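Colleague: Could we go through this model together? I would like to start with a single residue.

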Amino acid sequence: MAATTSASGWAAIAAPTAARAVGRPLRRQELSPEQERARLPADPGFSGAFVGELLGGYATMAASAPPAVTSAVPGITGSPATPMRVWAAGHAADFGGGQG
């Protein structure tokens, strides 16, 4: 399975975490904005009209400092945020493995 994205910061964390959850290596493939612009409309669940806005958002995130960690999640939900490793283990089946 290859994780594809233009937002490399998140994928650089998510792919290895998902790989540990499923118990096997996953390959992460970085796509250029041009490759994403060609790929996204081929996804039947994706609105082609949103491509430019999405890629613009990715570019803004990539050029920005990482967001600060806040208390927003527990403040809104009353529960602490779920760590990525816990979320990935619970969704291992979505990545093609594990018991989920």
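Colleague: Is Gln29 buried, partly exposed or exposed, and why?

Modeller: Gln29 counts as partly exposed because its relative accessibility is 32%; buried means under 20% relative accessible area and exposed over 50%, with partly exposed in between (1.4 Å probe, protein chains only). The model is predicted, so local features need pLDDT of at least 70, side-chain atom pairs count only at pLDDT 80 or more, and totals for chains, interfaces and linings use all residues. Residues are numbered from 1 along each chain as its sequence is written, and side-chain values use heavy atoms, leaving out hydrogens and water.

Colleague: Where is the place of Gln29?

Modeller: Gln29 belongs to strand β2, residues 27-30; a strand is a DSSP run of E, at least two residues, numbered from the N terminus.

Colleague: Which side chain does a polar contact join to that of Gln29?

Modeller: That of Arg27, at 3.3 Å. A polar contact is a pair of N or O atoms within 3.5 Å, where, within protein, one must be able to donate a hydrogen and the other to accept it, and residues adjacent in sequence count only if both atoms are side-chain atoms.

Colleague: What separates the C-alpha atoms of Gln29 and Ala15?

Modeller: A distance of 9.9 Å, with the two residues 14 apart along the chain.

Colleague: A new topic: which residues make up the largest nonpolar core?

Modeller: Ala18, Ala19, Val22, Leu26, Ala92 and Phe95. Such a core is a set of buried Ala, Val, Leu, Ile, Met, Phe, Trp, Tyr and Cys residues joined through side-chain atoms within 4.5 Å.

Colleague: What percentage of the chain is buried?

Modeller: Of its 100 residues, 22% count as buried.

Conventions
Helix = DSSP H or I, 4+ residues; strand = E, 2+ residues; numbered from the N terminus.
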